[in-house]
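This report is meant for a reader who is meeting the structure for the first time. Please look over the sequence and the model below before reading on.

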Amino acid sequence: MYNSKMYIPRATIIQDIEDLTYDTKLFKLKFKHRCDCDNSSESDYEPGQFVQVSILGAGEAPISICSSPADKGYFELCVRDAGLVTGAMHKLKKGDEIGIRGPYGNSFPTEEVRGEDFSFVAGGIGLAPLRSAINYVMADRSEYGNVTILYGARTKEDIVFADDLDEWAQIDGIDVHVTIDKPQQGWTGHTGVVTTLLDEIRSMSRRRCFVCGPPIMIHFTVKELLDAGWAQENIITTLERHMKCGVGKCGHCYIGDKYVCTDGPVFTYSQINALEVEI
Ligand SMILES: Cc1cc2nc3c(=O)[nH]c(=O)nc-3n(C[C@H](O)[C@H](O)[C@H](O)COP(=O)(O)OP(=O)(O)OC[C@H]3O[C@@H](n4cnc5c(N)ncnc54)[C@H](O)[C@@H]3O)c2cc1C
Ligand code: FES
């Protein structure tokens, strides 16, 4: 944890800001001071974990870490302007200060899939947490098998991490497919929602698949994989719930007998099924 005093945000400086799309920015962040409570650094997290971002006068919001722990000396957040906190964050400049609590939650089982072939299916900004896992795998490429990445965005202007997608596609054993929902001038790639790319992996039911995106995209991706005979425990996805504390105290994210903030946000479909929640 970046700060052992769990409710106290740690002062963090914006080192860089990049526009990813018209409403989404990438923030490169570094702690202002070394922690006086432990030796935690910017890379002390696991792919899939999130932080609580606080902006003075706006509040707090949970945001997934989208860089990889293999990146040292900084961490990154991909933030869409969706409301009070994220809107305030979009108004900040390089050198400004924000508060960070965390990292919180569990992580994608990137250690368990060492030596295996597997795939990622992402929709929209859902590529952000998966990017952390993908770059973690890429940093130790020889330890992992073949990887298929399927990514869908509404329009070409909504594609996030276009440079990363191009870079991953150049790597041996990495198969990248990108689609946008409808034909659009200037787009020569695949069109159709991301589930129209699932033929690329449908027959790979013994492999694991990491799925992240808007609820509707997760719903239909999981349904199609189950229909194709995939085991529930091979489908790994994330649940998004309104959160306040992020540390299992306030009950805002409670579903079934689980707290999404501490037991999740990463769950296998078999775990989600046991919670009896609709996804
Ligand atoms: C684990 C986790 C990881 C996440 N990772 C990311 C990430 O990497 N990047 C990212 O951009 N987002 C991420 N989110 C989503 C983000 O936390 C939410 O969008 C959050 O609400 C943004 O806070 P805000 O204050 O900016 O928006 P809010 O002001 O809370 O508004 C967010 C949305 O909720 C609606 N809303 C607000 N209040 C109400 C109300 N009273 N009734 C009905 N609707 C309301 C708004 O209209 C808006 O559409 C993540 C969420 C979780 C749980
Ligand atoms: S956000 Fe408070 S218990 Fe999960």
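F161 is found in the loop between β8 and α3, where helices (H or I, at least four residues) and strands (E, at least two) are DSSP runs numbered from the N terminus. The model is a predicted one, in which local features need pLDDT of at least 70 and side-chain atom pairs count only at pLDDT 80 or more, while totals for chains, interfaces and linings use all residues. Residues are numbered from 1 along each chain as its sequence is written, chains are lettered from A and ligands numbered from 1 in the order in which they are written, and side-chain values use heavy atoms, with hydrogens and water left out.

At 2% relative accessibility, F161 counts as buried, a class that means under 20% relative accessible area, as against over 50% for exposed and values in between for partly exposed (1.4 Å probe, protein chains only). The phi angle of F161 is near 55°, a positive value in a residue other than glycine. Most residues other than glycine have a negative phi, and most peptide bonds are trans. Two peptide bonds in this model are cis: the one from G102 to P103, with omega near 0°, and the one from G264 to P265, with omega near 10°. P103 is found in strand β6 (residues 97-104), whereas P265 is found in the loop between α5 (260-263) and β15 (266-268).

F161 also belongs to the largest nonpolar core, which has 33 residues and in which F120, L127, F161 and W168 touch the most other members. Such a core is a set of buried Ala, Val, Leu, Ile, Met, Phe, Trp, Tyr and Cys residues joined through side-chain atoms within 4.5 Å. The elements that give two or more residues to this core are β7 (118-123), α2 (127-138), β8 (147-153), α3 (162-169), β9 (174-180) and β11 (208-212), and α2, with 7 residues, gives the most.

Ligand 1 is surrounded by 17 residues, and the closest are P62, C78, R80, V85 and T86; a residue counts as near if one of its heavy atoms lies within 4 Å. The table lists polar contacts of the ligand, a polar contact being a pair of N or O atoms within 3.5 Å.

| Residue | Part of the residue | Distance to an oxygen atom of ligand 1 |
|---|---|---|
| R80 | polar backbone atom | 2.8 Å |
| V85 | backbone N or O atom | 2.9 Å |
| T86 | polar side-chain atom | 2.5 Å |

Taken alone, ligand 1 exposes 960 Å², of which the protein buries 58%; these areas come from the Shrake-Rupley method with a 1.4 Å probe. The elements that give two or more residues to the shell around the ligand are β4 (59-64), β5 (75-80) and α1 (84-90), and the largest share, 4 residues, comes from β4.

Strand β5 is mostly covered, since 5 of its 6 residues are buried. It runs antiparallel to strand β2 (residues 24-31), to which 6 bridges join it, and two strands pair if DSSP finds at least two bridges between them. Within this pairing, F75 in β5 is the bridge partner of L29.

Elsewhere, G189 lies in the loop between β9 and β10 (190-191), and with a relative accessible area of 39% this glycine is partly exposed. G189 and A228 are 39 residues apart in sequence and 25 Å apart in space, C-alpha to C-alpha.

Terms used: Polar contact = N/O pair within 3.5 Å; in protein donor to acceptor, adjacent residues only side chain to side chain.
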